[in-house]
There are 2 protein chains.
Amino acid sequence: MKKYQVIGIGNAMVDVLSYADDAMLARHDITKGVMQLIDMPRAVALYSHIGSAQEVSGGSAANSIAAIAHLGGRTAYVGKVCDDQLGAIFAHDLRAQGAVYETKMAPMDGAQETGRCIVLVTPDGERTLNTYLGWSEFLTAGDIITDDMAQAEWIYLEGYRFDGPESHAAFSKAIAACKGASGKVSITLSDPFCVERHRAAFLAMIRADADLLFANHAEMVSLYQTETLEEALAHAAQDVEIVACTDGANGAFVIANGQRWHIDAIPTQIKDATGAGDLFAGAFLWAITNGHSYETAGKMGCIAAAEVISHIGARPQQSLRDLFVAHRVL
Amino acid sequence: MKKYQVIGIGNAMVDVLSYADDAMLARHDITKGVMQLIDMPRAVALYSHIGSAQEVSGGSAANSIAAIAHLGGRTAYVGKVCDDQLGAIFAHDLRAQGAVYETKMAPMDGAQETGRCIVLVTPDGERTLNTYLGWSEFLTAGDIITDDMAQAEWIYLEGYRFDGPESHAAFSKAIAACKGASGKVSITLSDPFCVERHRAAFLAMIRADADLLFANHAEMVSLYQTETLEEALAHAAQDVEIVACTDGANGAFVIANGQRWHIDAIPTQIKDATGAGDLFAGAFLWAITNGHSYETAGKMGCIAAAEVISHIGARPQQSLRDLFVAHRVL
């Protein structure tokens, strides 16, 4: 048995969650529903304009890893924070959930801080992400411990990291070490505009190395530049062994071994969509590494996603295991 | 018209909210339902044992002031934070709500940090407070700007501050400046064990200076060392012009001008009791400084308290004004 079921690699950050309306987004030139990168001056300016907030550990892959740990999975995370209060919060929340998180925290030097994401939640429950990457941007190949990657059944690569200058070398090193020890590679597309910025690099890595592709509707059509999700899914099924694509209120599609399943979404009142895809991926990976079928994994993904959008914040607040039992998939 | 309806003085801190069960509290020798002071090593040790958390600005008087600002009141806050990330969060959240908060943030020197309170919420909704005062402990008379106090219709003094070494001098200076300009003084008892530690000082200040006393059942009985709340209320009515005492699910008692009202609690499912008393006091002060009757002020206090215990965190998440309208008190 390998030491880890899943190791995630992503942008480590703390979410700063606040409510906003569409007019506020428009006033500050913020594109609704997606992730935009901001620098520190913009982060400071934007923060001064938002209402009171709450701080919760976030980071897309970190949310997935937290969900796997929450479910009792053997999991670890790679991503960089500074030795500051937000870094301590991020590290605590991952470890408290049971994930292995070993990072050499960068000392505070004033030039960098732990990354944060100003999450603006609109009345419709949609979330709009304004990300100051901070120290998380500087993940390099030197941060990848090959012995750990070789000890992972799966690695899980966060698409947002394609924005980092040295992320490609880091991902390549992780993939080589993992595959060299017969491990498998999953990639999540993260965001349609991120896909737009790095389409060629995404496609190359997906075609060469991915065993499992996570995406949502917008990301999938952005990747393959198709009119419809159907066309994009057809392309993806050619490129990757397993495709798991969420589609909002329409649930999710899972394609594997020439079979295809549509999973209904769990009806819920959306309070904050942050983390829906992350929790889907976390539950899905936990499921398949625990011997569940792809269809069951998709159902568990939809249940976990429904849990996390029913409250503020991107980490589970109820027992996902209890929810799986209640929905008779466990 | 004075510049401020209410100025609050208290311990500035960020709440670290996490769930725990009674066994966990027992294992760590934590007395349920009250506030205990902890030092930094204890804070670090305790933090390493709690589950993943969320960070929300707190501080008892700061919660009350945030509620007044939320209601549109003219209000300011005095309490000390460091120039660190938690200090920035605390300052932002008060100002974003509309309160005036001018503090000279202490530079980070490693010896002190912004105060924090590890709030452990048990399945019954009760909250247990573990407070590392940090820099908030060092509020001195030098931090009190007498011109501001003279510009306050009311000042609101947090009982927790009686634990600070120089708090008495600071309170005395604030009281003198406020009363010297015909302002009024309200005091909240904060915690039964805090009252126990400083009973004589509390009684002296209440009898000499308080125009309005806030307390809950346990604090009131602790102050007057009586068997019953009735006896304690009788004493309090002798000592102070206005008495506002919350009593959990039994609502609240308001005594003023020789009259007495019992206000029913608003039925609600308690998710986290943190801030119930703070929101009661904030809404009560906003009400009486806006010309509402004492009875209406008590009702508004109970409505605000019910809002804050229906979710995690001690700051209002719904519009209190809308709730007052819905309950036909506004």
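**Figure 1. Confidence of the predicted model.** Chain A has an average pLDDT of 95, and 99% of its residues score at least 70; pLDDT is the predictor's confidence in each residue, from 0 to 100. The model scores are ipTM 0.91 and pTM 0.94. This is a predicted model, in which local features need pLDDT of at least 70 and side-chain atom pairs count only at pLDDT 80 or more, while totals for chains, interfaces and linings use all residues. Residues are numbered from 1 along each chain as its sequence is written, and chains are lettered from A and ligands numbered from 1 in the order in which they are written.

**Figure 2. Contact between chain A and chain B.** On each side, 19 residues of chain A and 19 residues of chain B are in contact (C-beta atoms, placed from the backbone, within 7 Å). Strand 4 (54-57) and helix 4 (85-96) are the elements of chain A that give two or more residues to this side; helices (H or I, at least four residues) and strands (E, at least two) are DSSP runs, numbered from the N terminus. Helix 4 of chain A gives the most, with 6 residues. The chain A side divides into 7 nonpolar, 8 polar and 4 charged residues. Here Ala, Val, Leu, Ile, Met, Phe, Trp, Tyr, Cys and Pro count as nonpolar, Asp, Glu, Lys and Arg as charged, and the others, Gly among them, as polar.

Figure 3. With mixed pairing, the strand order is 3(A)-8(A)-7(A)-2(A)-4(A)-4(B)-2(B)-7(B)-8(B)-3(B); two strands pair if DSSP finds at least two bridges between them. Strand 3 (35-37) of chain A and strand 3 (35-37) of chain B are the edge strands, each pairing on one side only.

**Figure 4. Pairing of strand 4 of chain B.** Strand 4 of chain A pairs with strand 4 (residues 54-57) of chain B in the antiparallel sense over 3 bridges, and E55(A) stands opposite E55(B). Strand 2 (residues 13-19) of chain B is also antiparallel to strand 4 of chain B, joined by 4 bridges; in this pair L17(B) stands opposite Q54(B).

**Figure 5. Packing of helix 9 and helix 10 of chain B.** Helix 9 (residues 217-224) and helix 10 (residues 229-239) of chain B pack at an angle of about 70 degrees, with axes 9 Å apart. Axes are lines fitted to C-alpha atoms, for helices over the stretch in contact, and angles run from 0 to 180 degrees between N-to-C directions. The two helices of chain B are therefore roughly perpendicular (65 to 115 degrees). Residues making the contact include M220(B) and Y224(B) of helix 9 and L229(B) and L233(B) of helix 10. By class, the contact has 8 nonpolar, 2 polar and 1 charged residues.

Conventions
Angles under 35 degrees count as roughly parallel, over 145 as roughly antiparallel, 65 to 115 as roughly perpendicular and the rest as oblique. Two residues are in contact if their C-beta atoms, placed from the backbone, lie within 7 Å.
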